[in-house]
Amino acid sequence: MTSTTSRPDTSLSARYVAAATRSVPEQQRDDLAAELRASIDDQVDARVDAGEDPAAAERAVLTALGDPDTLAAGYTERPLHLLGPRYFLPWRRLLTLLLWIVVPVASVGVAIGQALDGATFGAVVGSVVTTALAVVVHLTFWTTLVFVVIERTSALDDALPTWSPDSLPEHDEHTHGLVELVAGLLGLALAAGAVLWDQTRGFPLPTGDGDASFLDPALTPWWTGGLLVLIAAEALLAVAVYARRGWTLPLAAVNATLNLALAVGTTWLVVQERLVNPAFVDALLDVGTSQDAFTVLAVLLVAGILAATTWDTVDAFRKVRRR
């Protein structure tokens, strides 16, 4: 009795075809297998006709075809990258914008919350660092995942605008303006947080006798409240400058007014010796700081404030003139 069971084809060509078609949808599998077998046979026959050994010809043909998974991906137009060039730039722009905005806001929010909750300085720093890292990781992962899904499903093919020269930015300074806006808002948030920290928690006295606010407690609530109002006004001004794509004459005038209020108020408090908490001054004297050092520091503080506010005012009007 003769067996009719056929043995499986274990040749290199058959194994290559099987590897190339295993990841192809079933409805396309037979077509790819037929095309591939025909192509391999034709190339092997051509090499054998040219005098090459059949086994060596088969190996050379398969080597030239390359990785079967790559061949299958090309046949089915399946991308072999996480994110292709079509969506790379929108992904990078959105992720950069989110990182610039969300990370600082989350960090400052956590810092203020921890401070108001009575956490130590080290705990606040640790919370801010871990929060910032977590936000960066989550923003990067979820933004990338959304774009990968969009690319695989072509969900935004009709929604994304086609690039044209009209898409060019109107002014280079607007891009830099976003960086300045975020940096400015972060600096103002840190300044407001420092004031609140000083008034609610204070800083360690140089003598080691506990904590005390650096600013004179008598400044609360009116002077301290006024300073916070100035900081809030500066934040609104920064947003207005960004929204108007640069400085305008009215905005520069508002900026000059805010700088004048800050310079006059701070200078008056320094001259009247009402800016720093007397307990802090006494502690510094107790650890050997001379009275002359306070005079020098007061002069440097006033000079620094006047220089900074004057430069900021002049720079704003200079940018108005350049527009």
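**Close-up 1. T309 inside helix α11.** In this predicted model, T309 is part of helix α11, the element that covers residues 291–322. Is T309 buried or exposed? With a relative accessibility of 8%, T309 counts as buried, because the cut-off for that label is under 20%. Look around T309 and, once you set aside the neighbours within four places in sequence, you'll find N259, L262 and A263 in contact with it.

**Close-up 2. Salt bridges around D315.** Stay on helix α11 for this one, since D315 and R318 are both found there. The D315–R318 bridge has an N to O distance of 2.4 Å. D315 and R318 sit three residues apart in the helix, so about one helical turn separates them. For the K319–D315 bridge, the closest N and O atoms are 3.3 Å apart. K319 and D315 are four residues apart in helix α11, again about one turn of the helix. How covered are these side chains? D315 is buried, at a relative accessible area of 11%. R318 is partly exposed at 35%, and K319 also counts as partly exposed, at 24% relative accessibility.

**Close-up 3. The D69–R22 salt bridge.** Searching the whole structure turns up four salt bridges, and one of them joins the side chains of D69 and R22, with 3.4 Å from N to O. D69 belongs to helix α4 (residues 68–76), while R22 is in the loop between α1 (12–21) and α2, so this pair ties together parts that are 47 residues apart in sequence. Are the two partners buried or exposed? D69 is partly exposed, with a relative accessible area of 31%. R22 is exposed, at 56%.

**Close-up 4. A negative patch that includes E26.** Which residues gather in the patch of negative charge shown here? You're looking at E26, D30, D31 and E35, together on the surface. E26 lies in helix α2, which runs over residues 26–49. At 62% relative accessibility, E26 counts as exposed, because that label applies over 50%.

Close-up 5. L97, W100, I101, V102, V105 and V179 make up a nonpolar surface patch of about 470 Å². Which element gives the most to the patch? That's helix α5 (residues 85–116), with five residues. I101 is in helix α5 and is one of the patch members. I101 has a relative accessibility of 39% and counts as partly exposed.

Close-up 6. Zoom in on the step from T220 to P221 and you'll see a cis peptide bond, with omega near 15 degrees. Why point it out? Most peptide bonds are trans. P221 itself is in the loop between β2 (211–212) and α8 (222–243).

**Close-up 7. E273 and its positive phi.** What is the phi of E273? The angle is positive, at about 55 degrees, even though E273 is not a glycine. As background, most residues other than glycine have a negative phi. E273 sits in the loop between α9 (249–271) and α10 (278–286). E273 is exposed, with a relative accessible area of 69%.

Close-up 8. Starting at the N terminus, the elements run α-α-α-α-α-α-α-β-β-α-α-α-α. How much of the chain is buried? Of its 323 residues, 28% count as buried. The chain exposes about 20700 Å², and carbon and sulfur atoms supply 64% of that area. As for contacts with a separation of 6 or more, 70% come from residues 24 or more positions apart.

Conventions
Residues numbered from 1 in each chain as written. Predicted model: local features only at pLDDT ≥ 70, side-chain atom pairs only at ≥ 80, totals over all residues. Heavy atoms only, no water. Patch = residues over 30% accessible without salt bridge, like charges linked within 9 Å, V, L, I, M, F, W, Y side chains within 5 Å. Areas by Shrake-Rupley, 256 points an atom, 1.4 Å probe, with all protein chains shown as cover. Lys, Arg positive; Asp, Glu negative; His and termini not counted. Charge placed at Lys NZ, Arg CZ, Asp CG, Glu CD. Helix = DSSP H or I, 4+ residues; strand = E, 2+ residues; numbered from the N terminus. Buried < 20%, exposed > 50% of the residue type's maximum accessible area, 1.4 Å probe, protein only. Contact = heavy atoms within 4.5 Å.
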